[in-house]
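Have it open next to you as you read.

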Amino acid sequence: MSRVAVLKGGRSLERQVSLRSGARVEDALARLGHEVVSVDVGLDLIRRLREAEPDVAFVALHGRDGEDGTVQELLEILGVPYTGSGVLACVCAMDKVLTKHLMVDAGIPTPEFFAFSETAFRDLGAAEALPAIEERLSFPIVVKPSSQGSALGVKFAATAADVPAALVSAFSYDSKVLLERHVAGRELAVSVLDGEPLPVVEAVPRDDHFYDFESRYDIGATDFVCPAQLPVGVAESVREIAVSTYRLLGLAGFGRVDLMLDSADGEPYVLEANPIPGLTDTSLLPQAADAAGIGFDSLVERLLELAEARPAPAN
Amino acid sequence: MAKPPPRSTSRDLARYAGLFASRTRVMTSSAMRDLMAITARPEVISLAGGLPDTSSFPPETFAAVTNRIAAESCARALQYGPTEGLEETKACIAEVMAAEGMRADPEDVVITTGGQQVIDLVCKTLIDPGDVIIAEAPTYPGAVPTFSSYQAEVVQIDMDGEGMRVDLLEETLDRLDGEGRRPKFVYTVPSFQNPAGVTLSGARRRRLVEVARERELLILEDNPYGLLRYEGEPLPTLYSLDGGVYVMYLGTFSKILSPGIRLGWVVAPPPVLEKIKVGKQAADLCTSTLSQLMVQAYFEQGHWGDYVDSLTELYRRRRDTMLDALAEHFPPQAEWTRPAGGLFIWATLPDFIDTTDLLARALRENVAFVPGSAAYLDGRGHSSMRLNFSGSNEDDIREGIRRVGKVIEEQVALFGTLTGTAQGPAQRPEAEATADGESGARVLPMPRRGDAGRRAGGQ
């Protein structure tokens, strides 16, 4: 039995979701007989961890600081083993622009895109390049912040006139944004556990609602189908692409890869990878694990074992 | 300590999702609610809440009140009470209503657990799924989830500086009539409206009451702030103009005494009131006896009006501070209302700014407000924001507005860069006086119906 520090909350915009993920993990750990030290991440994080001397940290944080390598770096410094991916993988996966460049280089299909920093517009007159981009991508275009983990700040631009306001919204969350070809089709998520793909989940929005921040975490706003009803060959290739993405980014322990199955050409396109997928009762990874016969407690235990089995960080 | 029994984990979603009533499907949490959760952190200057300043309430008064209850009516305070409320507390309510020129028969009053319960009970009594409720655009954000949970269809009527456009209301009623639909009630906050801060003019009040009579239409008049007037002359309430035939009246002690005691009331025509009582009995049997006795003991001291006067002084200064700060720190493209009372200012920014996204940015500067879309059920309002001035001290108001102004300025500049139309300082129009001499509430740039969905990311 281990003493486990559950890191949750924090100041990210996904704080509430993280608190729910963390609480659920804590319940599971208690049932498994572990000693739980609950930590709402804040200014006293280092002191709390030093006092608690945990055997392992369960990182149940989402979004900025928790999922972007920041907390992982601190845990490395303290020499505390932790669940999930290491610093570099988190840095890559939280940065959609970086992720997409890596995928393009590795031949993993991802919707065509262009990325900009705020300074490109402020200092280099990038606005003048927008018409050329709009021509290349054709409308509607999806505009999103590079780092936001949820759908906050993601906008559809139906025409060129919508683009500046959509950019202003996206820049509210990050100094780097991307404009992406909109892929119409089925929304799929493949969770990966220790390098192995779990059954594909399909998110079916009700009432044609955009699969947004709201429906993503709420029972009833979106229907989830697991395993997704896909032809065998398609399901296999989707799972393979997800695992390739997971490996490409160097994710460890677990992760979730979100894709679109393009209704035009029938091909899957990877949108993003999440280093710390949600673990709430409506989250996709626990559902996929459940469909594979892995209950939530087993999932949590497995992630702990993987964390403890990794070579300890230099201390 | 005994461990809690293990909770089930397998198929949590499937297990519970099948049990939810269909009405909970529309009670979704929103991005905003998750954002608002961050606003509660101590380092954040929150202009988001609707909090009165309870720190100015004298602790010795509180002590005297509770001591008196302990000495004289301990057993009664700890006991259940009648569903409709205690007679002595109804006498206090009569005093408050008299201060705004109203007389209500105690028989027609039910004391409730806060004013919010009145909205819930009126919906419970009148609304079947799909029924129409008329509300202002924007409307009280706290009523939105209540209306949604009863699966009402809410039709929102535009406002200007004189409150709800009653002419548009009549057009809407005609249209609905043509569709064979009759709204169950009109929900309105006529004085110092939440969130817009505007006040329904005297002429429109009279016309609204006439419309209700002509069409046999019920009105729910929500009046939490009527006594918190900072300038100008009081206007008659809809209830006093109508005499309680078609107007149901919602009052509360939350803003004149304390929201913590959870005490409100409803005055309604007897047949409606009977149903409301049945609904209340099912909901919570009765309103807190302890709270009702506290109000009674407090009113017997005879100084409740002085306390309201002191709040009025305090809030007037805070409102003026916020108005000054807005003039100093908000860009010329922004507009805002100038409330003559109440707790809120409603600011509207250029159309290209989405205030939910702006809030995410503002939270990084440790300041919060309510995004305007919380006050609409039809997807409008995303360039507006509600700002509260009663719950923060003057330094925080100045600093908070400065920070919000800074992030708006950044976005305005960025938009200018993106569109090649970098906007210089435009001339701000002078405030216009309105018909009733309501000092200077500028005509509200409320988003129109046709605007919804026109912008990127429109719902």
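## Where the two domains of chain B meet

In this predicted model, 43 residues of domain 1 of chain B are in contact with 41 residues of domain 2 of chain B. The domain assignment puts domain 1 of chain B at 23-55 + 306-451, and domain 2 of chain B at 77-300.

Which element gives the most to the side of domain 1 of chain B that touches domain 2 of chain B? That's α13(B), with 6 residues. Both α13 (304-329) and β11 (344-348) of chain B supply at least two residues each to that side of domain 1. Sorted by class, the side of domain 1 of chain B that touches domain 2 of chain B has 22 nonpolar, 11 polar and 10 charged residues.

## Two helices packed on α12(B)

Take a look at helix α12 (residues 289-300) of chain B. Helix α3 (residues 59-72) of chain B packs with α12(B) at an angle of about 115 degrees, and their axes are 9 Å apart. An angle of 65 to 115 degrees counts as roughly perpendicular, so that's the label for α3(B) and α12(B). Their crossing is right-handed. On the α3(B) side, the contact is made by V65(B), R68(B) and I69(B); on the α12(B) side, by L293(B), M294(B), A297(B) and Y298(B). By class, this contact of α3(B) with α12(B) has 6 nonpolar residues, no polar ones and 1 charged.

Helix α5 (residues 87-99) of chain B also packs with α12(B), here at an angle of about 55 degrees and with axes 9 Å apart. That angle makes α5(B) oblique to α12(B), and the crossing of α5(B) and α12(B) is left-handed. From α5(B) come E88(B), T89(B), C92(B) and E95(B), which meet Q292(B), V295(B), Q296(B) and F299(B) in α12(B). The class count for α5(B) with α12(B) is 3 nonpolar, 3 polar and 2 charged residues.

## How chain A is divided

Over in chain A, the assignment gives domain 1 (3-84), domain 2 (92-97 + 100-108 + 184-301) and domain 3 (112-181). The centres of domain 2 of chain A and domain 3 of chain A, taken over C-alpha atoms, are separated by 24 Å.

## Cis peptide bonds

Now for some backbone details. In chain A, a cis peptide bond joins C226(A) and P227(A), with omega about -5 degrees. You'll find P227(A) in the loop between β11 (222-225) and α10 (232-249) of chain A.

Chain B has a cis peptide bond from N194(B) to P195(B), where omega is near 10 degrees. Here P195(B) sits in the loop between β6 (185-188) and α9 (202-215) of chain B.

## Positive phi without glycine

D194(A) isn't a glycine, yet its phi is positive, at about 50 degrees. It's in the loop between β8 (185-193) and β9 (196-197) of chain A. Is D194(A) buried, exposed or partly exposed? D194(A) counts as partly exposed because it has 13 C-beta neighbours inside 10 Å, and a residue is exposed at 12 or fewer.

R262(B) has a positive phi of about 50 degrees too, although R262(B) is not a glycine. Look for R262(B) in the loop between β8 (247-252) and β9 (264-267) of chain B. With 18 C-beta neighbours inside 10 Å, R262(B) counts as partly exposed, since buried takes 20 or more.

Conventions
Residues numbered from 1 in each chain as written. Chains lettered and ligands numbered in written order. Predicted model: local features only at pLDDT ≥ 70, side-chain atom pairs only at ≥ 80, totals over all residues. Helix = DSSP H or I, 4+ residues; strand = E, 2+ residues; numbered from the N terminus. Domains from an automatic or database assignment. Axes fitted to C-alpha atoms, helices over the stretch in contact; angles between N-to-C directions. Parallel < 35°, antiparallel > 145°, perpendicular 65-115°, else oblique. Left-handed = near helix turned anticlockwise from the far one by under 90°. Contact = placed C-beta atoms within 7 Å. Nonpolar A, V, L, I, M, F, W, Y, C, P; charged D, E, K, R; others polar.
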